[in-house]
There are 2 protein chains.
Amino acid sequence: MAALTFQLEHTDNNSKARAGTITTDHGVIETPIFMPVGTIGSVKAVTQQQLKDEIKAQIILGNTYHLYLRPTTAIIEAAGGLHKFNGWPKPILTDSGGYQVFSLAENRKLTEEGALFQSHIDGSRHLFTAENVMDIQRSIGADIIMAFDECPPYPSEYAYAKKSMELTHRWLTRCFTRFNETEDKYGYSQNLFPIVQGSTFEDLRKESCAFVSSKEATGNAIGGLSVGEPEAMMYDLTALCAENLPYNKPRYLMGVGTPWNILECISLGIDMFDCVMPTRNGRNGMLFTTKGVINIRNKKWATDFSVIDDGIDCETSNYYSKAYLRHLFVADEILGLQIASIHNLAFYLWLVGEARKHIIAGDFKSWKTSTREIIKQRL
Amino acid sequence: MAALTFQLEHTDNNSKARAGTITTDHGVIETPIFMPVGTIGSVKAVTQQQLKDEIKAQIILGNTYHLYLRPTTAIIEAAGGLHKFNGWPKPILTDSGGYQVFSLAENRKLTEEGALFQSHIDGSRHLFTAENVMDIQRSIGADIIMAFDECPPYPSEYAYAKKSMELTHRWLTRCFTRFNETEDKYGYSQNLFPIVQGSTFEDLRKESCAFVSSKEATGNAIGGLSVGEPEAMMYDLTALCAENLPYNKPRYLMGVGTPWNILECISLGIDMFDCVMPTRNGRNGMLFTTKGVINIRNKKWATDFSVIDDGIDCETSNYYSKAYLRHLFVADEILGLQIASIHNLAFYLWLVGEARKHIIAGDFKSWKTSTREIIKQRL
């Protein structure tokens, strides 16, 4: 029952990239890390065994909005927390639900108190507040709990972005108050990560970083990016935030992104990533591989009997051929979704693992440049 | 490259049940056996690794109609046969496609030559004949090839059933002629199993058994049952056919059935079974377990944190709870389909494996009676 700790092991001389170790009561996470998204308590189309053995995931996400509605907080509590409910024994991070309330829920209304919304499933009415979102995440049993925030859309006016950031900051103080008043629910340490907002405005981002840093949390997150802004702007703002967040704490860039986004943001000093892209795009037949990007539905793969990707250590990627996977997609077989999801996630974990190796070896920057060119090309 | 052989190991004193061993060039099959259905080259929602390690499948099915249309015979040939295409290293049996032409295809027309039909996928026109269906199955690379037949619907008039059976018999002779004129395609033995038809008429069934037996095949199948007739009639006709087919060859009852159907038909002397029920019903949330039948969507399972089934040796069934599986179904998560499919298939393989043990131990009949009562009950 020790709070999360972060050990910086290596920093790159030619970039801001770092290799480190996050220690939690559910095990160690080697950074930089990618966290597969298990929105409703399951990483879509992937078993927990495959997550562990093939993908080699070290931590997964859950989502407060989704889990609160289904199966409900009460059922997860009755199970003894999400780890016991879904059988994932390693660390879990839960997103606070703020983003989902504004992207999924109906008739949402923002007040100082919190966010009123109607469920996208049955229209039932709910209120999320800084306080109850802490309680729900305690009950879900996340190792890492995210603060309740508002994520302004892109583009946002300065006035709106500022107002929204200030609300997020007031909520953040309430989050920490509630978090500190309540206890770890299941006998292992739970940690609260605050989230930097401020839209695309540098002064707001700096102000938000300062406020977030003042909370002296065990880790810090950057939100509100990769929401439609140009890629260069995303990189600039990520760099700015990374520089203005504590050096000796893990930095988590929420919801980013493509494999090349991740490489770039690692070089800017980011340690943790999550994104639905590997699973969502996988289910649409888009594969990320060590040789480049594949649209597996394309006719050119119909008689390509080479394995999906021999460049990574994943049984599924090394076993099935491109031709077979294409057939499964064309014939609408569920197995196609499974194979593509496993492969893409294994690729993402391979990518951050290789980045880590090269940070430690000291040749991260040149490796990043050459790797980006290869993996970005369309095959 | 030795033709399939069947070794009878044990016959039950109190029923017609038998335990045996089928030896093929892709390995040994212990009977009685259940064969998971991999219609389009994939057992739906199940990986080949799970089929082998968790379900412990010894042989799977493919379907000529489906595989001929997608990925096409040419692509399977280019891969070097279905085993290489889909990565399943153990025996494969292919259904001839006759049944699918009449249940799925459009504008089908039966002639002496064969069956003209339009693809259910793109409306393209095709002709299946006794001869080309042998060639296609040779190219798919099945270890066991099924004869091309017509499966009359239930109920059928006597005159129609007789005419249909006689056509099936003429096709059967043509199947054997073509089969014997052609060679094993990929260096391992391929075997042709004829199919008994005759609808619900005892004299036709006997006549068909005699005709089928005269072909002296390495194994024989019973078709046209479990197509809507009463259960008692299915058992009577199965018993009649089993008695009238060679004792020293495996008997395959096509498309049957529920777990209790399988127990009953084992006692009538059937050695091989296939059915889409475990996967199809699994995808609809119906689970067969060693304690009884479960509708996993039912609210009663919402907080039942016991594992799906501790009565069988299957990692998936022993790992996930009923409450978690219910949640996955309610939330429409693909993982629910995967878990239910793996579990149901593992249960079917457990059932025939237990039957085999009890046939060898000599207490099959009492075991069957008590087991049937338990597994049939609704939980």
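This report describes the fold of chain A, its interface with chain B, and some individual residues in a predicted model.

Residues are numbered from 1 along each chain as its sequence is written, and chains are lettered from A in the order in which they are written. Because the model is predicted, local features need pLDDT of at least 70 and side-chain atom pairs count only at pLDDT 80 or more, while totals for chains, interfaces and linings use all residues; side-chain values use heavy atoms, with hydrogens and water left out.

## Chain A as a whole

Chain A contains 14 helices and 17 strands. These elements are DSSP runs numbered from the N terminus: helices are H or I with at least four residues, and strands are E with at least two. The C-alpha trace of chain A spans about 60 × 50 × 45 Å along its principal axes.

Of the 379 residues of chain A, 62% count as buried. Buried means under 20% relative accessible area, exposed means over 50%, and partly exposed lies in between (1.4 Å probe, protein chains only). A contact means heavy atoms within 4.5 Å. Among the contacts in chain A with a separation of 6 or more, 68% come from residues 24 or more positions apart.

## The interface

Where the two chains meet, 38 residues of chain A are in contact with 38 residues of chain B. The size of an interface is often given as the accessible area lost when the parts come together. Here chain A and chain B bury about 3,300 Å² between them, and 59% of it is on carbon and sulfur atoms. Buried area is the accessible area (1.4 Å probe) that two parts lose on being put together, summed over both.

The interface has 19 residue pairs in polar contact, both at pLDDT 80 or more. A polar contact is a pair of N or O atoms within 3.5 Å; within protein, one must be able to donate a hydrogen and the other to accept it, and residues adjacent in sequence count only if both atoms are side-chain atoms. On the side of chain A that touches chain B, the elements giving two or more residues are α1 (48–55), α2 (64–79), α3 (82–86), α11 (315–319), α12 (322–330) and α13 (334–361) of chain A. The residues on this side divide into 21 nonpolar, 12 polar and five charged. In this division Ala, Val, Leu, Ile, Met, Phe, Trp, Tyr, Cys and Pro count as nonpolar, Asp, Glu, Lys and Arg as charged, and the others, Gly among them, as polar.

## Salt bridges

Side chains of opposite charge can pair when their charged atoms come close. A salt bridge is a side-chain nitrogen of Lys or Arg within 4 Å of a carboxyl oxygen of Asp or Glu. The whole structure has 40 salt bridges over all chains, and two salt bridges are counted between chain A and chain B. The table gives some examples.

| Residue with N | Residue with O | N to O distance |
|---|---|---|
| Lys44(B) | Glu333(A) | 2.4 Å |
| Arg138(A) | Asp184(A) | 2.8 Å |
| Arg356(B) | Glu9(B) | 2.9 Å |
| Lys291(B) | Asp309(B) | 3.7 Å |

Arg356(B) lies in helix α13 of chain B and Glu9(B) in strand β1 (residues 5–11) of chain B, so their pair ties together parts that are 347 residues apart in sequence. Arg356(B) is buried at 10% relative accessibility, whereas Glu9(B) is partly exposed at 37%.

## Individual residues

Ser15(A) lies in the loop between β1 (5–11) and β2 (18–24) of chain A and is buried at 19% relative accessible area. The side chain of Ser15(A) makes a polar contact with the side chain of Asp12(A) at 2.7 Å and reaches the backbone nitrogen of Ala17(A) at 3.0 Å.

The peptide bond from Arg70(A) to Pro71(A) is cis, with omega near 10°, and Pro71(A) is in helix α2 of chain A. The bond from Val256(A) to Gly257(A) is also cis, with omega near 0°.
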